[in-house]
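Below are some notes on the model you sent. They cover charged pairs first, then the core and the surface.

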Amino acid sequence: MSLTVYRKAHFNAAHRLYRKDWSDEENYAFFGKCSNPNYHGHNYELEVGVTGEIDKNTGFVIDMNLLRDLIKEEVEDSFDHKNLNIEVPDFKELNPTMENIAMVIWNRLRRRIDEKYGISVKLYETPRNYVIYDGK
Ligand code: NI
């Protein structure tokens with residue numbers, strides 16, 4: 001029997017969606033306002049799920065304080081109030097779409113959380129647009 005516990009987090013970040021090999025006009029035609037060469041911001045909302053069995057000794061799936069600290073170290077400290085394209089090395093050659101941001105977050109957390117757990121990342125870029133990545 002396994003359960004999934006969730007921790008919510010939040011960060012503000014700026015980005016620009018574009019391909020370096022396209023002109024500004026081509027980028028605007030595909031990525032719209034998100035291709036603004038001067039960048040723009042989003043209020044990202046994050047939900048991280050950790051799936052596992054209840055530890056008989058503690059009654060926990062995972063220590064939520066540990067999960068909180070991992071999200072702070074791997075996501076908030078790196079992304080909050082940053083320009084993702086310029087300040088976060090993961091996006092030097094990777095378009096910072098919500099899809100790619102979710103995968104980067106998942107990979108960062110995967111390195112820090114025991115393999116016995118499943119991890120899912122749900123990332124809202126806007127109140128209406130979000131993505132879920134669970135490593136599959
Ligand atoms: Ni955008």
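1. Glu74 has a relative accessible area of 14%, and since buried means under 20%, Glu74 counts as buried. The structure is a predicted model, so this burial is a property of the prediction.

2. The acidic side chain of Glu74 has a partner: Arg112 forms a salt bridge with Glu74, and the closest N and O atoms are 2.7 Å apart. This pair links distant parts of the chain, with Glu74 in helix H2 and Arg112 in the loop between H4 and E4, 38 residues apart. Arg112 is partly exposed, at 38% relative accessible area.

3. A search of the whole structure gives 10 salt bridges. Another of them is Arg110 with Glu115, where the closest N and O atoms lie 3.9 Å apart. For a salt bridge the cut-off is 4 Å. Arg110 is buried at 14% relative accessibility, whereas Glu115 is exposed at 61%.

4. Asp134 and Lys136 also form a salt bridge, with 3.5 Å between the closest N and O atoms. Here Asp134 is partly exposed, at 36% relative accessibility, and Lys136 is exposed, at 82%. Elsewhere, salt bridges with shared partners join Glu73, Glu74 and Arg112 into one network.

5. Which residues have the most contacts inside the largest nonpolar core? They are Phe79, Ile105 and Leu123, in a core of 31 residues. At least two core residues come from each of strand E1 (3-15), strand E2 (40-52), helix H2 (64-79), helix H4 (98-110), strand E4 (118-124) and strand E5 (130-133). H4 gives the most, with 7 residues.

6. Leu123 deserves a separate entry. Leaving aside residues up to four places away in sequence, Leu123 touches Phe11, Tyr44, Glu45, Leu46, Met98, Ile101, Ala102, Ile105, Asn129, Tyr130 and Val131.

7. On the surface, Met1, Leu3 and Ile54 form a nonpolar patch, with about 310 Å² of accessible area together. Met1 is found in the segment before E1.

Notes. Residues numbered from 1 in each chain as written. Predicted model: local features only at pLDDT ≥ 70, side-chain atom pairs only at ≥ 80, totals over all residues. Heavy atoms only, no water. Core = buried A, V, L, I, M, F, W, Y, C linked by side-chain atoms within 4.5 Å. Buried < 20%, exposed > 50% of the residue type's maximum accessible area, 1.4 Å probe, protein only. Helix = DSSP H or I, 4+ residues; strand = E, 2+ residues; numbered from the N terminus. Contact = heavy atoms within 4.5 Å. Patch = residues over 30% accessible without salt bridge, like charges linked within 9 Å, V, L, I, M, F, W, Y side chains within 5 Å. Areas by Shrake-Rupley, 256 points an atom, 1.4 Å probe, with all protein chains shown as cover.
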